[in-house]
Amino acid sequence: MCTASEICDAAEEVRAQAEKFHRLRETVSLMRRDLAGLSTYGEDCRPDLAIWTQFSDLAALTARDLRRKLQFEDLEKLEVVLHKALELARDVLEPEATTDLSTSASQNEQHHQNSNKDSYDFEPGLEDDLKIVSIAKPKAEAHPASEDNKDGVTSANAKVPNLPLGMILRACKEIQLYSETPIRHWHEFVKVADTVRPMMGIAPTAWDDARRSMGLEEACVVLAAMLERIADIRSPGGYLRSLSNKAAVGEFSSGPMIMALMRKDAA
């Protein structure tokens, strides 16, 4: 016969597993939305590549599969495939971008990839297309280390956002007005964001939280997106904190914010 303590422990384990499943499902859903947006943008920027149709199909099929009752292992496999597709799409569109991962984060990523070697079997041609474009794309060049690394405020998951800088600048025009020269690289984008942040009334503590939970570049993207509609945001600092809280549990991506701005601009 189980004791009250054992029953409570079992219930807590069930709750924890359900929460873990929910977070992973939300992460996969956000990655799918980012990939769908990137495929549309990629078709416009690089219509010579057939890979965008593959990415669009992958996003659509992922949406279909998310409507089914998936197991946790299925979601893990989906996450791996989407991660690979997003990394490739960003590298093709923005070959100079690099991922600023710490040694520990790189090791964690390698472990994650090794634990999910089997790809999700719904797009047979994806692997071959990924290999073809990977061979054809230019070699990435590292950009200078950001100021973020100097004060110790660096997320263990910090990385360049899935969306390419060109796409972000196309949607976020206001932040470019604060730069004396055209913004062409991530470190330039970060520098301008650091200048604009106090003008928006965002406290250093709120900014530090955002950088930790989102990663430096992603936080700067969010700030630029907020600047586009700053007149509609009652408390920029409070709004950023709420997004940081979501990012901390894997339930936020800047992709939908950028897509919404692009749709508004095209309307």
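Select helices α8 and α10: their crossing is left-handed, meaning that the near helix is turned anticlockwise from the far one by less than a right angle (clockwise would be right-handed). The model is predicted, so local features need pLDDT of at least 70 and side-chain atom pairs count only at pLDDT 80 or more, while totals for chains, interfaces and linings use all residues. Residues are numbered from 1 along each chain as its sequence is written, and side-chain values use heavy atoms, with hydrogens and water left out.

**Stop one: α8 against α10.** Colour residues 204–214 for α8 and 236–248 for α10; the two pack at an angle of about 25 degrees, with axes 9 Å apart. Helices here are DSSP runs of H or I with at least four residues, numbered from the N terminus. Axes are lines fitted to C-alpha atoms over the stretch in contact, and angles run from 0 to 180 degrees between N-to-C directions. The pair is therefore roughly parallel, a term for angles under 35 degrees.

Now show the side chains at the contact (heavy atoms within 4.5 Å). From α8, pick T205, A206, W207, D209, A210, S213 and M214; they meet G237, L240, R241, L243, S244, A247 and A248 of α10. By class, this contact has eight nonpolar, four polar and two charged residues. Ala, Val, Leu, Ile, Met, Phe, Trp, Tyr, Cys and Pro count as nonpolar, Asp, Glu, Lys and Arg as charged, and the others, Gly among them, as polar.

The structure holds ten salt bridges, each a side-chain nitrogen of Lys or Arg within 4 Å of a carboxyl oxygen of Asp or Glu. Select E12 and R15, whose side chains form one at 2.8 Å, N to O. Both lie in α1 (residues 4–45), three residues apart, about one turn of the helix. E12 is partly exposed at 41% relative accessibility, and R15 is partly exposed at 47%; the class lies between buried (under 20%) and exposed (over 50%), using a 1.4 Å probe and protein chains only.

**Stop three: α1 to α6.** Next select D44 and R170, a salt bridge with its closest N and O atoms 3.1 Å apart. D44 is in α1 and R170 in α6 (residues 165–171), so the pair ties together parts 126 residues apart in sequence. D44 is partly exposed at 49%, as is R170 at 40%.

Finish at D65 and R64, whose side chains meet in a salt bridge of 3.1 Å, N to O. D65 is buried at 0% relative accessibility, whereas R64 is partly exposed at 39%.

Methods. Angles under 35 degrees count as roughly parallel, over 145 as roughly antiparallel, 65 to 115 as roughly perpendicular and the rest as oblique.
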